[in-house]
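Work through the exercises below with the model open beside you, and try each task before reading its solution.

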Amino acid sequence: MVTAVKNDQRIEMTESQKKAQRNRSVALGLALVAFVVVIYIVTIVKMGPQILNRPF
Amino acid sequence: MSLVDKNGYGEVAFHVSEAHASDYIALLKPRVMSLVVFTAFVGMVTAPAAINPFIACFAILAIAVGAGASGSLNMWYDADIDAVMSRTVNRPVPAGRVLPSQALAFGLVLSGFSIGVLGLVANWVAAGLLAFTIFFYAVIYTMWLKRWTPQNIVIGGAAGAFPPVVGWAAVTGDVSLYPIIQFLIIFLWTPPHFWALALFKSGDYERAGVPMMPNVAGEASTKRQIFAYALVVAVTGVLPTVFGFAGNAYGLLAAGLGIGFVWYSWKVLQMPESDRAMKPAKALFGFSLLYLFAIFTALLADSVLRDLGLVW
């Protein structure tokens, strides 16, 4: 496999850009975890213990 | 050195974002969102049915995110006029921290998620109303009415008035007279609230080319209209008691607050054209916020006390 890397076109992020990216990544991660928790709880509340009572 | 330069709120060929999560939170207009959460919550509590507390919390969350999404779409479309108004110049898009396309994508994705989650968590009537609210605010108000007519805030006020109806529908799955009265209270309150602001910020709106009432019809006409709306708001505020949805204690409080609203509007009507400090307009703006908060707090208290059998 050949990978062409043009060093002169590579974007090098500044410290503040890296910091902002980390900040956004953490926020996005937390939002995703929150979304999973919401869907999990709603599933339990809506279906209750019946969620386990299904034929296999 | 970065290869990327910020270039106002316009798009650039290469862009490495320096936006923090707080900039995206600012796109959601948290202060507007807090009012949406509160009025939607009151709509839920006053609804004549029980709802699982988890479902209620997540429905409120979905409504809040939907309101935030419409705020993001508004900031995407209005970046050009936000950039010339002192009140909005530091918003993430005009300040160059978030690109318009990023605000658009953020708003669209959150709109989809909030509508979908509300539909799955509560019901599709509430989700449909939330979708219509987002559409009304982003398209009907922001893209069409705001730059076209001085009645922008009159008709556009409907978007801000929908949350209690959505909250009610999330519990009952339908809409009846009581949430419509709650809608009317916010709908009729919006013009005097925003025109009071527009009076002492008319220079901002004029620079931005937004046809607000003071810079189209003049200050005298705006003051008369504020007073007329205040009279209607005062009457609408007591309708929950008139129709038997709330008790007499609420009715008395709403009447007192309504008289206060009319009094502050009367002071604005009496304000001379030469008064550029416009203290009466600022006082009315402040009181109008208190009025709405107090009315909905009273409706909430009335509902809770009614459940406890303590309503007079």
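Predicted model: local features only at pLDDT ≥ 70, side-chain atom pairs only at ≥ 80, totals over all residues.

Residues are numbered from 1 along each chain as its sequence is written, chains are lettered from A and ligands numbered from 1 in the order in which they are written, and side-chain values use heavy atoms, with hydrogens and water left out.

**Exercise 1.** Classify the ring pair of B:Y24 and B:F106, and state which parts of chain B the pair ties together.

Solution. Rings of Phe, Tyr and Trp (its six-membered ring) pair if their centres lie within 6.5 Å, and planes under 30 degrees apart count as stacked, over 60 as edge-to-face and the rest as tilted. Over all chains, the structure holds 21 aromatic pairs. For B:Y24 and B:F106 the centres are 5.0 Å apart and the planes stand at 75 degrees, so this pair is edge-to-face. Next, locate the partners: B:Y24 lies in helix α1 (residues 21–27) and B:F106 in helix α5 (residues 100–121) of chain B, so the pair ties together parts that are 82 residues apart in sequence. Helices here are DSSP runs (H or I, at least four residues), numbered from the N terminus. Finally, consider accessibility, where buried means under 20% relative accessible area, exposed over 50%, and partly exposed in between (1.4 Å probe, protein chains only). B:Y24 counts as buried because its relative accessibility is 16%, whereas B:F106, at 21%, counts as partly exposed.

**Exercise 2.** Determine the bend in helix α6 of chain B, and find the aromatic cluster that contains B:F136.

Solution. The bend at a residue is the angle between axes fitted to the seven residues ending there and the seven starting there. In helix α6 (residues 124–145) of chain B, there is a kink of about 35 degrees centred on B:F136. B:F136 also belongs to one aromatic cluster with B:F132, B:F162, B:F183 and B:F187.

**Exercise 3.** Which residues of the largest nonpolar core touch the most other members?

Solution. A nonpolar core is a set of buried Ala, Val, Leu, Ile, Met, Phe, Trp, Tyr and Cys residues joined through side-chain atoms within 4.5 Å. The largest such core has 88 residues, and B:L118, B:I295 and B:F296 touch the most other members. Helix α9 (residues 177–200) of chain B gives the most to this core, with 12 residues. The core also draws at least three residues from each of domain 1 (19–175) and domain 2 (176–312) of chain B, the bounds coming from an automatic or database domain assignment.

**Exercise 4.** Where do B:K29 and B:M278 lie, and are they buried or exposed?

Solution. B:K29, a residue other than glycine, has a positive phi near 50 degrees, and its place is in the loop between α1 and α2 (30–46) of chain B. With 13% relative accessibility, B:K29 counts as buried. B:M278, likewise not a glycine, has a positive phi of about 50 degrees and lies in the loop between α14 (248–270) and α15 (279–307) of chain B. B:M278 is buried, with a relative accessible area of 1%.

Conventions:
Helix = DSSP H or I, 4+ residues; strand = E, 2+ residues; numbered from the N terminus.
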